[in-house]
Amino acid sequence: MLLRLLDILAIVLAALILGVFWGPWLALTRSMNTLPPAVFLAVTHRLDRNLGRAMTVLYPVSLLAIIAMAVLSFGSALAFGLIVAGLAMLVLALVVTTVVEVPIVAQVRGWTESTMPANWQKLRDRWMSFHLLRVIPGILGVGLLVGGALWQR
């Protein structure tokens, strides 16, 4: 029973992370290059304020729940392998987030319309490209976690 509850918790937390990746990508990121500078700044600043702190709590708690899920599934090689692969995908998404995305958002955080650098579109486009590179492992990660939960003994 504890294993099943942990499975549900870990999958729901991972799905929340995926939702944070997928939702903005689907709703905004794909068309961010069409926004005028003032709107781009308003959207980016709002996303940063709304998601930054929440994700610094949600992500580590989710990873801890997934690690516990993996440890408790160790008796089933297939389930364990799927869960560890799902964990690896979510860690990859975290690496993309912390190495590329967060530093770009930190730069944008200090911008106003009058202080935007000449190469702001290049930074925006890099941010958008890497955003997709965290959506894909996020989707794979959640799918692998679900698969691992289904194949447990």
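User: How does H1 pass H4, in a left-handed or a right-handed crossing?

Analyst: This is a predicted model. In it, the crossing of H1 and H4 is left-handed.

User: What makes H1 roughly antiparallel to H4?

Analyst: Start with the angle. H1 and H4 pack at about 160°, and their axes are 9 Å apart. Angles over 145 degrees count as roughly antiparallel. Therefore H1 is roughly antiparallel to H4.

User: Which residues of H1 meet H4?

Analyst: From H1, they include Asp-7, Ala-14, Phe-21 and Trp-25. From H4, they include His-131, Val-135, Gly-138 and Leu-145. By class, the contact of H1 with H4 has 16 nonpolar, 2 polar and 3 charged residues.

User: Why is H3 called roughly antiparallel to H4?

Analyst: Use the angle again. Helix H3 (residues 77–109) packs against helix H4 (residues 120–150) at about 160°, with the axes 8 Å apart. The cut-off is over 145 degrees, so H3 is roughly antiparallel to H4. Their crossing is left-handed. The contact of H3 with H4 holds 21 nonpolar, 8 polar and 3 charged residues.

User: What is the angle at which H1 and H2 cross?

Analyst: The axes of H1 and H2 cross at roughly 145° and come within 8 Å. This crossing, too, is left-handed. In the contact of H1 with H2 there are 23 nonpolar residues, 1 polar and 1 charged.

User: How do you know whether Asp-7 is buried or exposed?

Analyst: Compare two numbers. Buried means under 20% relative accessible area. Asp-7 has 3% relative accessibility, so Asp-7 counts as buried. Asp-7 lies in helix H1. Beyond its neighbours within four places in sequence, Asp-7 is in contact with Met-69, Ala-149 and Gln-152.

User: Why is Val-91 called partly exposed?

Analyst: Val-91 sits in helix H3. Buried needs under 20%, exposed needs over 50%, and partly exposed is in between. At 34% relative accessibility, Val-91 therefore counts as partly exposed. Val-91 and Gly-138 are 47 residues apart in sequence, yet their C-alpha atoms are 9.1 Å apart in space.

User: What makes a set of residues a nonpolar core?

Analyst: Residues such as Leu, Ile or Met must be buried and joined through side-chain atoms within 4.5 Å. The largest core that passes has 26 residues. Among those with the most contacts inside it are Phe-21, Met-69 and Leu-145. Helix H1 (2–27), helix H2 (37–72), H3 and H4 each give two or more residues to this core. The largest share, 10 residues, comes from H1.

A second, separate core has 14 residues, including Trp-111 and Trp-120. In soluble globular proteins, nonpolar side chains tend to be buried together.

User: Which residues does Met-69 touch?

Analyst: Setting aside residues up to four places away in sequence, Met-69 touches several, including Leu-3, Asp-7, Ile-83 and Leu-145.

User: How many helices and strands does the protein chain have?

Analyst: The protein chain has 4 helices and 0 strands. From the N terminus, the order is α-α-α-α. The C-alpha atoms fill a box of roughly 60 × 25 × 20 Å along the principal axes. Of the 153 residues, 42% are buried. Take contacts between residues at least 6 apart in sequence: 84% of them join residues at least 24 apart.

Definitions and conventions: Residues are numbered from 1 along each chain as its sequence is written. This is a predicted model: local features need pLDDT of at least 70, side-chain atom pairs count only at pLDDT 80 or more; totals for chains, interfaces and linings use all residues. Side-chain values use heavy atoms; hydrogens and water are left out. Axes are lines fitted to C-alpha atoms, for helices over the stretch in contact, and angles run from 0 to 180 degrees between N-to-C directions. Angles under 35 degrees count as roughly parallel, over 145 as roughly antiparallel, 65 to 115 as roughly perpendicular and the rest as oblique. A crossing is left-handed if the near helix is turned anticlockwise from the far one by less than a right angle, and right-handed if clockwise. Ala, Val, Leu, Ile, Met, Phe, Trp, Tyr, Cys and Pro count as nonpolar, Asp, Glu, Lys and Arg as charged, and the others, Gly among them, as polar. Buried means under 20% relative accessible area, exposed over 50%, partly exposed in between (1.4 Å probe, protein chains only). Contact means heavy atoms within 4.5 Å.
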